[in-house]
Amino acid sequence: MTTEHFDVLIVGAGISGIGSAYHLQDQCPGKSYAVIEAMDTFGGTWVTHKYPGVRSDSDLYTFGYRFKPWVGAPIASGAEILKYLGDVIAENHIDRHIRYGTQIVACAWSSADNLWTVTTRRKTDACVQVLTCRFLWMCQGYYDHETPYVPDWAGLSDYQGQFVHAQLWDPATQVAGKRVLVIGSGATAATVVPALCDAGANVTMLQRSPTYFYCHPNQNELADRLRQIGIDEETVHRVVRAQIMFDQDVINRRCVEEPDAVFEELKALVRAYAGDDFQFEPHFTPRYRPWQQRLAFCPDGDLFRHAAAGHVRVITDTIERFTPQGVQTTGGEAIEADIVLACTGFRLSVMGDIPFSIDGTALAWHDTVNYRGMMFTGVPNLVWVMGYFRASWTLRVDMLGDFVCKLLKHMDTIGAKQVAVALRAEDQGMDLLPWIETDNFNPGYLVRGLDRMPRRGSKPEWRHNQDYWRERVEIPAIDLDGTEFRYDDRPAAQHALQAAE
Ligand SMILES: Cc1cc2nc3c(=O)[nH]c(=O)nc-3n(C[C@H](O)[C@H](O)[C@H](O)COP(=O)(O)OP(=O)(O)OC[C@H]3O[C@@H](n4cnc5c(N)ncnc54)[C@H](O)[C@@H]3O)c2cc1C
C-alpha cells in the first residue's frame, strides 16, 4: 500500500469535477491535484443515463461552463454533453490528473496533521490505495449512480414483463411494436415518452400527478442572429448566457408572484404545438406552483405533439399493485405492458455515501449546519459543489470554482493550514432546520433523505438558497476574514495576530 499526497483531491469527474479541475489549474496553477472517479470514464450523470432520447433539460449556454463556448442547439443530447466535456478535458490536459475506476471508500480528517486521509479502492483488482490531501473538493453529485429509487409497489415481483428503471436502461432494448408503460411525469418521462413514440413503441404514461411543461423550439434566436452577423463564439456564449439568465430570473419571480398568469402562458405554448382544443384537464394541470419542482422542457413541443396525435395515452392515477400483465391502478384501470419503465427518481447519496471521520469520530452530516450549501460546521478543508435546480447546475460549478480558489489563496497568504466554518456569536440560538424548505422546493429524493442531509439555519448564510441571481452577487463578495471562518481553529483576526507574533 502506497501513500501519495496532493494539495487538493477532487471527488468525481462529472460536470462538476471537470469544471472544478479547470478552475483549480487555471487560478491556482501551483497546486497539485487529482480527480478520483469511480467510473471508467468522465461525465457522471451523462454516462449513467442511457434511456431513449437522453438530453439536457437546461440550455447548454448556461449548463455549459462560462469558459468554454457552447456552439450547438441549446438543448443537447447526452452524447453531445459528453463530447463537450471530453473537449474541455483534452484542451486543458485535465486527463493526466484523473484516476478512473477508483472509488473513494473513506475520508478521515486529522487536525494534528491538517490533512485528509482518503482511502480508495480500484475497481478492477480491489487494490486499496491511501492518498492524503490538504483540501477535499466534493463533486460527487447527489444520487446513487448504481441503485435508483423504486417505490415499494405491491406485487412487483408478480409482473412477468420487463421492468426497468430509467437510470438502468439498456440502450440495446428493442421497443418497436412493444407496449411500454412509462411511470412518472417529470423531466425524464418528458424525454423518454416522445423518444419511445418515435421508436415505434405503443406508449402509456402513468403519472401520480401532472407536471408543468415549457414548450419551445430547440433554438436560440439571439445566438442565431449574433452568429449570422459574424460575432465570435466567445461573445455569443457570454451574451446568450446573460440573456437566458435574465429571462430565467424574470420567469422565476413571476412564478412566485403570478403563477396563474405563467400557467396560462405555458398553456399557450403547448397549444401552438398541440392545437387550440388541447385538453389540459385532468392530465396537464399540476397541483403545485410552477417551479416548486423543475419545469420540464419540451423541445419543439414533442410530448404534446405526440399526445395530440394520440401516440401516447396519459393516465393520472396511483398504482394499486402490479399484476403479471402490468399494473392495476387505484382508479380501476388495468394497464397491460411488455415493458414497464420507471421514471421514479433517485436514491439520495450524501457525499457519495463515503464514511467520513473527523479526528477519529464518525461524521454524521445531519449534525452539521451548512454554510451557503457548500461548507459544513466542524468539517475542515472541504467544499461540496451542489448546483442549482431552478437554474443550470453548472453556474454554481463556475461560481464555487472561483470561491475555492480564492479561499485556497487566502489560506496561503495568511499561512493557514486549516479552514472551517462555525456559527458566529450572533448565530447562537438560531433555528436549525432541514436542508430544504419543502414548501419551496421538494424533489422526492431530498424529501426522502432529509434526515441524512446537513441542516440549514434560519439565516441566509446558513442555507443553500437555490437562488443564483442572489448568489452571483453574494458569493464573490464573501469576506474570508468574516467571523464565520476559522483558520487553524481560530477566528481570522486572531489567526493573523498570532501569525504576526
Ligand atoms: C438525467 C438527468 C438530466 C439532468 N439534466 C440537467 C440539466 O439539464 N440541467 C441541470 O442543471 N441539471 C441537470 N441534471 C442534474 C445533474 O445531475 C447535474 O446537472 C450534473 O450533471 C451533476 O453533475 P455532478 O458532476 O455534480 O454529479 P454527477 O454527474 O452525479 O457526477 C458525480 C461523479 O462522482 C463520482 N463519484 C461519486 N461518488 C464517488 C466516490 N465515492 N468515489 C469516486 N467517485 C465518486 C460518480 O461516479 C460520478 O461520475 C440532470 C440530472 C439527471 C439525472
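The legends below describe close-up views of a predicted model.

**View 1. Strand β16 and its two partners.** Strand β16 comprises residues 339–342, and both of its faces are covered. On one side lie Ile339 and Leu341, on the other Val340 and Ala342, and all four of these residues are buried. Strand β7, formed by residues 162–165, pairs with β16 in the parallel sense over four bridges. Strand β8, formed by residues 179–183, also pairs with β16 in the parallel sense, over four bridges. Leu341 of β16 takes part in both pairings: its bridge partner is Val164 in one and Val182 in the other.

**View 2. Helix α5 and the glycine that follows.** Helix α5 consists of 12 residues, 187–198. How far apart are the C-alpha atoms at its ends? They are 17 Å apart, which agrees with the 16 Å that the helix should span at 1.5 Å a residue. A residue counts as buried if 20 or more other C-beta atoms lie within 10 Å of its own. Because 10 of the 12 residues of α5 are buried, the helix is largely enclosed by the rest of the structure. The buried residues include the run from Ala187 through Thr188, Ala189 and Ala190 to Thr191. Val192, Val193, Pro194, Leu196 and Cys197 are also among the buried residues of α5. After α5 comes Gly200, which has a positive phi near 90°.

View 3

**View 4. An open sheet of three strands.** The strands of this open sheet follow the order β13-β14-β15, and their pairing is antiparallel. Strands β13 (319–322) and β15 (334–336) are the edge strands, since each pairs on one side only. On average, neighbouring strands of the sheet are turned by 25° against each other, direction ignored. Between β13 and β14, the latter formed by residues 326–329, the antiparallel pairing extends over three bridges. Val327 in β14 is the bridge partner of Phe322.

View 5. Where is Pro282 found? Pro282 is in the loop between α8 (259–274) and β11 (296–299).

**View 6. Positive phi at Arg372.** Arg372 is not a glycine, yet its phi is positive, near 50°. Arg372 is placed in the loop between β19 (370–371) and β20 (375–376). Is Arg372 buried or exposed? Arg372 has 20 C-beta neighbours inside 10 Å and therefore counts as buried.

**View 7. Positive phi at Asp488.** Asp488, which is likewise not a glycine, has a positive phi of about 50°. Asp488 lies in the loop between β25 (485–487) and β26 (490–491). Around Asp488 there are 19 other C-beta atoms within 10 Å, so this residue is partly exposed.

Note on methods. Residues numbered from 1 in each chain as written. Predicted model: local features only at pLDDT ≥ 70, side-chain atom pairs only at ≥ 80, totals over all residues. Helix = DSSP H or I, 4+ residues; strand = E, 2+ residues; numbered from the N terminus. Pairing = 2+ DSSP bridges. Expected span 1.5 Å × (residues − 1). Axes fitted to C-alpha atoms, helices over the stretch in contact; angles between N-to-C directions.
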